[in-house]
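The following note collects points for a colleague's review of the structure shown below. The points run from overall composition to individual residues.

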Amino acid sequence: MPRLVRLLAAFMLAASVAAGSGAGPLAAQPSVRAHARVVTPAKKHKPRKRAKHAPRAVAATPKWMSPRDATALATDLGGMLTAKVRGGSWGVVVVSLSRGDTLYSLNADTELQPASNMKLYTSALALDQFGAQYQFSTDILRDGSVSADGTLNGNIILRGDGDPGLSRRFIDGGPGAAMDALAQLVADAAIKRVRGSLVADASGFDARTIPDGWQKRYLGLSYAARVSALSMNENLLWIVVHPGATSKQSATVTLEPAADLPIINNVRTLAASRGARITAHTTAGGTVEVGGWIGAKSADQRYSVVVEDPAALCAATFRKALQARGITVDLGTRFAATPPTAVKIASLPSPPLARLLSVMNRESVNHFAELLFRDAGRTTAKTQVGSAETGNNLLQQFMTTKVGAAPGAVFAADGSGLSVLDRVTPRSLVQLLSYAHRAPWGDAFHASLPVAGESELLRRRMKFTPAQGNLHAKTGTTNSVISLGGYVTAQDGELLAFAFIYNGHDRWNAKSAIDQMGATLASFARE
């Protein structure tokens, strides 16, 4: 019984601390509503039989310390870094933004892979370049005149602006909702026929769709979608396979969103089966290739694939949406830059940048980060082509001239952190966090981060600790990286910025150590 009483008392103390942990300078930061991630619908499975062995134990919340001076804090943090983690490299910096002193530092200038903490650099760069309320614009233009009967005597142009907002996360409807909205704008402009071609303009970015340093094993997965100035639906395509009634009838393949893409269908129907084994992919030219077999008694099978040619998907979906509104395009699709004499017909603006960043950081959407990194590289004048190189060049300039980081402290091969070539120093990350906190767009930057124990990728971490509802930070995870960078309010009201970066293979214990350190920072006070 005494042990039970002690456990109950400890739980009540932790709950009471967590309930009050929102106090401090950041408690009033505006919240941003998260948006549901687009996922493959779950398949139905038969209920599993209950395992005979004992259920797996749930890991206990790591203990935290409550240091009462800077020396004790440094000792506690140092002990947490070495207590459990086997091998690998740590880089840690903790700075008080309230007092301006460094509370802890380990390997502050060591170059490490940041994983998705790279999105913090992309966020700050985009906000500094555009401002929190900036909106991207996907435009429809024409390069000919429109007659009284609604005939466009020329080409109609779909021009991309690197907008992450052409997504069902932001536009109600199915996966083709963005192109439906653009096609409706053409119909509203009283255009009924196009005697020329549909021109798809993705020239805002360079032609490289896969950044350097992305591992081949990632490329078929949704978090490694291709990069293009003309992108939609996060460059994912649903392929739906419907069986024929008998083995003599071919299976039927349809696309979601409906797109005027060529399809090579080599799917056979097996009369006596209820199963399916399907392979599906797209080519660089936009062709959809589907093979394998499906049972005649099978339900429709749906597969999500990464599109190799995003501009081709946008153009094909836009053409189909025009057709659905009775607007015909006489000639085929061309991929080219917009002529300087073209006249804008209509535009579809994106959500404000602050909202895009909220989804990107809270749910760690790589695709958004890649688009925004290249958008920043184009600059507001859009006088140069966006690329990973232009984004990195601008980031280097931003970090040295505005943030105050040492030259070479950051190298970005991409904007998301998926590349194994990315390198940052922990000191540069804390310097970035300090600059972002003081910047005019600082509120938007703060609000884009998930909150410990409450939201998105931190909702299950640091629960029932002083960090819950208080610490807000960006996570980072790959096969060899665990990182966390952000802010926490100490118990005495000090605002702290921190960078925890671990490179190695003992990620589970490193993650536990990071959570323990985060809770300790929230419980720190100087007396």
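This is a predicted model: local features need pLDDT of at least 70, side-chain atom pairs count only at pLDDT 80 or more; totals for chains, interfaces and linings use all residues.

1. In this protein, 73% of the contacts between residues at least 6 apart in sequence join residues at least 24 apart.

2. The overall composition is as follows. The protein has 527 residues, of which 54% are buried. Its secondary structure consists of eleven helices and 22 strands. The accessible surface amounts to about 23,300 Å², and carbon and sulfur atoms account for 53% of that area.

3. Aromatic pairs deserve attention. With ring centres required to lie within 6.5 Å, the count is eleven aromatic pairs. In one of them, the ring centres of Y134 and F136 are 5.0 Å apart and the planes stand at 80 degrees; because an angle over 60 degrees counts as edge-to-face, the pair is assigned to that class. F136 has a relative accessible area of 1% and is therefore classed as buried, the limit being under 20%.

4. A further edge-to-face pair is formed by F398 and Y435, with 5.5 Å from centre to centre and 85 degrees between the planes. F398 belongs to helix α8 (residues 388-403) and Y435 to helix α9 (residues 426-438), so this pair ties together parts that are 37 residues apart in sequence. Both F398 and Y435 are buried. Ring pairs also link F398 and Y435 with W441, F445 and Y487 into a cluster.

5. After α8 comes G404, which has a positive phi near 90 degrees.

6. Two contacts between a charged residue and a ring are noted. The charged end of R302 sits over the ring of W238, at 4.4 Å from the ring centre. K463 lies over the face of F464, with a distance of 5.6 Å to the ring centre.

7. Which backbone features call for a check? As background, most peptide bonds are trans, and most residues other than glycine have a negative phi. The peptide bond from E256 to P257 is cis, with omega near 5 degrees. P257 is located in the loop between β10 (252-256) and β11 (263-270).

8. S364 is not a glycine, yet its phi is positive, at about 55 degrees. This residue is placed in the loop between α6 (353-363) and α7. Is S364 buried or exposed? Its relative accessible area is 16%, and because the limit for buried is under 20%, S364 counts as buried.

9. F464, the residue whose ring face lies under K463, also has a positive phi, near 60 degrees, although F464 is not a glycine. F464 is found in the loop between α10 (442-447) and β20 (472-478). Its relative accessibility is 39%, which lies between the 20% and 50% limits, so F464 counts as partly exposed.

Notes
Residues are numbered from 1 along each chain as its sequence is written. Side-chain values use heavy atoms; hydrogens and water are left out. Rings of Phe, Tyr and Trp (its six-membered ring) pair if their centres lie within 6.5 Å; planes under 30 degrees apart count as stacked, over 60 as edge-to-face and the rest as tilted. Buried means under 20% relative accessible area, exposed over 50%, partly exposed in between (1.4 Å probe, protein chains only). Helices (H or I, at least four residues) and strands (E, at least two) are DSSP runs, numbered from the N terminus. A charge sits over a ring if NZ of Lys or CZ of Arg is within 6 Å of the ring centre and within 35 degrees of the ring normal. Contact means heavy atoms within 4.5 Å. Accessible areas come from the Shrake-Rupley method with a 1.4 Å probe; for residues, only the protein chains shown count as cover.
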